[in-house]
Amino acid sequence: MVNPLLKAPEGPPSDVEEIKERSNYLRGTLKEVMLEPLSAGIPDDDNRLMKHHGSYLQDDRDLRNERQKQKLEPAYQFMLRVRLPGGVATPNQWLVMDELAERNGNGTLKLTTRQTFQMHGILKWNMKNTIQDIHKSLLDTIAACGDVNRNVLCTSNPYQSEIHLEVYEWAKQLSNYLLPRTRAYHEVWLDEEKVAGTPEMDEVEPMYGPLYLPRKFKIGIAVPPTNDIDVFSQDLGFIAVVEEGRLAGFNVAIGGGMGSSHGDKETYPQLAKIIGFCTPDKIQELAEKVITIQRDYGNRSVRKNARFKYTVDRLGLETVIEELENRLGWRLEEAKPFYFKSNNDRYGWVKGIQGKWHLTLFIQNGRVADLNGYKLKTALREIAAIHTGEFRITANQNVIIANVTSHKKKKINELLEQYGLTDGSQHSALRRSSMACVALPTCGLAMAEAERYLPVLLDKIEEIVDKNSLRDKEITIRMTGCPNGCARPGLGEIAFMGKAPGKYNMYLGAAFDGSRLNKMYRENIGEEDILSELQVLLSRYAKERHDGEHFGDYVIRAEIIKATTDGTNFHD
């Protein structure tokens, strides 16, 4: 018997649904418009489809007004994002991305909060050869954006045990298994010829269907005690359970997501809820069935309410679990105990399994560039040229130079010293625990600065930190230019969300291990008020905190922020 609660919201399809419907499985007119010489931009319909190919059309907002005065079109450029499950890249792939950023991009790389490379500043006429060069390095950009499953995250640090290697393999398998099956990407960018005589109607997407998902879908796998991927922020999260030294399986969590809209109570960040346990061999099937539930019952009329968290809330968690188990044909086991300690990275050199070394470097806001005499990009290029292990991009926008032999460690240390690269130990622990989205000038959604401003703000916050002897105290701090949540601001012990130029909503009280959302503390404030508030808060924390007490826990204990009963509500 069909559960009467199982139905999608009523209403006409959104414009994006109509674009996907007439796109011929994500082809649209991309092949033709990318050759159009009269504009550096592309039509909006094709731009919506570009996301599924791993790219967004943007323009340089720093130049927007001046170009408008000169009656010129915006300074259009493309952002291109790579699919890189678990964030693992070979030294050769790092060198390819470095060279492409220099030749076709803005000269920098962005390490994202989803453990991958992102390039900005690519002109339309360079897009095809850029994607082809990425393909030659055995990488791709398929499904790095768009209404599909995106880059699969997994805990970065490989030194703790063989379990991490096993989990990484599951992340890769999941990523490949959940890819769209359309050949549009290969035809548009890689010059694959469509098989002669094949009717258009014969092409199918066995899992996604012709309309794909109502919105993006995110999966992450965490290996306790590290929650560096913020597993509860994912649409679908897997938490590794280790028993007697082997991977027994995964606790399953569904319905997380960070995005919201200012002033709209129908939108909100939410933590995923644990619904049970399954063995490793079942996670592909489980992920597929969860995705098909979202495919069938997600909101295709109102995109701001189309993420899976809203589907879960509308249908009810128990209804979703029942439907999932019906589709699977088996029941989830009871969730098993686990423990998270932190959602930050562990910096510096660490010796791991098989006698290999791993170095985690602090990359401020994930920007790999040669700036202000700090030749980070050049140094990492030279390290990649001699490195025989791999690079692991973390979900906190840092990089691990992983699987280094003792012989190579000496040579890498020489390069680190030559270029002054560090693990960030000269900075406060607060800065090393910081993260920001790109925001201005390239993101069209940004209402305020983030990546360019957070380091400046941190310079001033560090003065307060030093004054209160908190320099070595880790406090997770995050900033975004809008409420879409790309830097997972809802899980910052201190967070700032852009509201207007120079103005932010300020949030406090998330858990250091990523298990509790923060709540709004002050609305629409600028730098002066931010520093004034933190002067008082950090001073109180320094004097009143208990041994080992994290800042997020303190502000709740001190009733500066009142905890919610279930940790899921962002706003009062």
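With a relative accessibility of 2%, glutamine 397 counts as buried (buried is under 20% relative accessible area, exposed over 50%, partly exposed in between, with a 1.4 Å probe and protein chains only). Everything here comes from a predicted model, in which local features need pLDDT of at least 70, side-chain atom pairs count only at pLDDT 80 or more, and totals for chains, interfaces and linings use all residues. Residues are numbered from 1 along each chain as its sequence is written, and side-chain values use heavy atoms, with hydrogens and water left out.

Glutamine 397 sits in the loop between β16 (390-393) and β17; helices (H or I, at least four residues) and strands (E, at least two) are DSSP runs, numbered from the N terminus. Most residues other than glycine have a negative phi, and most peptide bonds are trans. The table gathers some departures from that pattern.

| Site | Feature | Value |
|---|---|---|
| Glutamine 397 | positive phi | about 70° |
| Leucine 138 | positive phi | near 70° |
| Proline 224 to proline 225 | cis peptide bond | omega near 10° |
| Leucine 440 to proline 441 | cis peptide bond | omega about 10° |

Leucine 138 lies in the loop between α6 (124-136) and β6 (153-154), and at 74% relative accessibility it counts as exposed. Proline 225 belongs to the loop between β7 (219-222) and β8 (236-243), while proline 441 is in the loop between β18 (434-436) and α15 (454-467).

Next, the sheet. Its five strands are ordered β3-β16-β17-β12-β11, open and with antiparallel pairing (two strands pair if DSSP finds at least two bridges between them). β3 (88-89) and β11 (348-351) are at the edges with a single partner strand each, so one side of each has no neighbour in the sheet. Strands β12 (residues 357-361) and β17 (residues 399-404) are joined by four bridges; threonine 360 has isoleucine 400 of β17 as its bridge partner.
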